[in-house]
Amino acid sequence: MNPPPLPTIDPSPVPAIRVDGLCRQFGQIRAVDGLSFSIAKGQVAGFIGANGAGKTTTMRILATLEYPTSGVAEIMGINVMDYPAKVREMLGWMPDNFGTYDNMTVIEYLDFFARALGYRGKERRERVEEVMEFTELDKLHDRLINKLSKGMGQRLCLGRALIHDPQVLILDEPAAGLDPKARVELRQLIRILAQEGKTILISSHILSELGEMCDTLVFINAGRVVHHGTAESMKRHGMETAVVNVALVGDPAKLEEWALLSPQVTFLQSTKNGGRIEIGDSSPEVVSNVLRRMVLDGLAVTEFRREERNLEDAFIEMVGKLDREAGGK
Ligand code: ATP
């Protein structure tokens, strides 16, 4: 008797979100221009770009609301163009603008979408209750939607995206217009969803917040990826040298003496316990090698802290550089 055929094992795990060579043209405007990136399952990814960079268009394509002109967009390995209904089952979408609904209460609104998603009877009530509880809208279930604060409205919109418990969430500017308290509340909800293992793509102009919340950042400009990596790698992007703050036990002048004799190291400034040095190559290997040499040469190092730009500065610098390059063409 022949053994049953071996199951096919896919060696490469399917990313939760994948776009490859994605383009979207609106007349003369190329909103998305050969965009490619992948987000692994369970990651929280920030989507950054200046106004008009193509974030919303990309997110709308992923949410099956817009056709690409060319290229591929997939959710959990499923092509959004070929199987939009299947993709919608796996995807929660929160648009950047949430229309007001006069004469509709919180519970009516969520119930309407639960019905539209095919939930019936007890299951529908349970889904709506669970979402209201999660978004802490349960005490406001009879509040008219046009009487909700901006923060409550955003939570309701998130709740609507969660009714069918999707594995992937695409959130377009969820924190826009929220006060700091409402932003913290929203961030907490996103953190819980991430802990549940959902994959989240979130666009925001509040970069410091994205840096804290996201495992990875996809920075796009003029419809193309400029940088994809951690917040730390974005802060260091394009920095050819590394500036490091060093503190020592003992005479701080020893640092300057050591720097004078060390290749690739320039002493910039003394501080109370040591000083600031510049290393001529910013790669982590060279930076860690400098620290190793310092210790081997007998300096009692208590602090070795690399200076970084914050995300906003890195973003502005990168966009400025791209604009200058585009202007020079
Ligand atoms: P923002 O941060 O301002 O929301 P964005 O990165 O989301 O910007 P998109 O909204 O994707 O950018 O827009 C990208 C470009 O495509 C812009 O130049 C925009 O004007 C243009 N665009 C978007 N949608 C359409 C449309 N339906 N018709 C024509 N042009 C469009």
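The dialogue below sets computed values against the definitions of the terms used.

Tutor: This is a predicted model, in which local features need pLDDT of at least 70 and side-chain atom pairs count only at pLDDT 80 or more, while totals for chains, interfaces and linings use all residues. Residues are numbered from 1 along each chain as its sequence is written, and side-chain values use heavy atoms, with hydrogens and water left out.

Student: How many helices and strands does the chain have?

Tutor: The chain has 11 helices and 14 strands. Helices (H or I, at least four residues) and strands (E, at least two) are DSSP runs, numbered from the N terminus. The C-alpha trace spans about 75 × 60 × 60 Å along its principal axes.

Student: What makes Y109 and F113 an aromatic pair, and why is the pair called edge-to-face?

Tutor: By the ring rule (rings of Phe, Tyr and Trp, the last by its six-membered ring, pair if their centres lie within 6.5 Å; planes under 30 degrees apart count as stacked, over 60 as edge-to-face and the rest as tilted), the count comes to four aromatic pairs. In one of them, Y109 and F113 lie 4.9 Å apart, centre to centre, with 65° between the planes. The distance is within 6.5 Å and the angle is over 60 degrees, so the pair is edge-to-face. Both residues lie in helix α3 (residues 106–116), four residues apart, about one turn of the helix.

Student: Are Y109 and F113 buried or exposed?

Tutor: Buried means under 20% relative accessible area, exposed over 50%, and partly exposed in between (1.4 Å probe, protein chains only). Y109 has a relative accessible area of 0% and is therefore buried; F113, at 16%, also counts as buried.

Student: Why is the pair of F219 and F315 called tilted?

Tutor: F219 and F315 are 5.0 Å apart, centre to centre, with 50° between the planes. F219 is buried because its relative accessible area is 0%, and F315 counts as buried at 14%.

Student: What sits over the ring of F113?

Tutor: The charged end of R160 sits over the ring of F113, 4.1 Å from its centre. The term requires NZ of Lys or CZ of Arg within 6 Å of the ring centre and within 35 degrees of the ring normal. F113 also belongs to one aromatic cluster with Y109 and F112.

Student: Which residues does A175 touch, and is A175 buried or exposed?

Tutor: Contact means heavy atoms within 4.5 Å. Not counting residues up to four places away in sequence, A175 touches R183, L186, I206 and E209. A175 lies in the loop between β7 (168–172) and α6 (180–195), and its 9% relative accessibility is under 20%, so A175 counts as buried. With the same exclusion of residues up to four places away, E209 touches A175, R183 and R187. E209 is in helix α7 (residues 207–213), and its relative accessible area of 9% makes it buried.

Student: What makes helix α1 mostly covered?

Tutor: Six of the eight residues of α1 (residues 55–62) are buried. They are K55, T57, T58, M59, I61 and L62. Helix α1 is followed by T64, whose phi is positive, near 65°.

Student: How much of the chain counts as buried?

Tutor: Of the 329 residues, 44% count as buried. Residues 24 or more positions apart account for 68% of the contacts in the chain with a separation of 6 or more.
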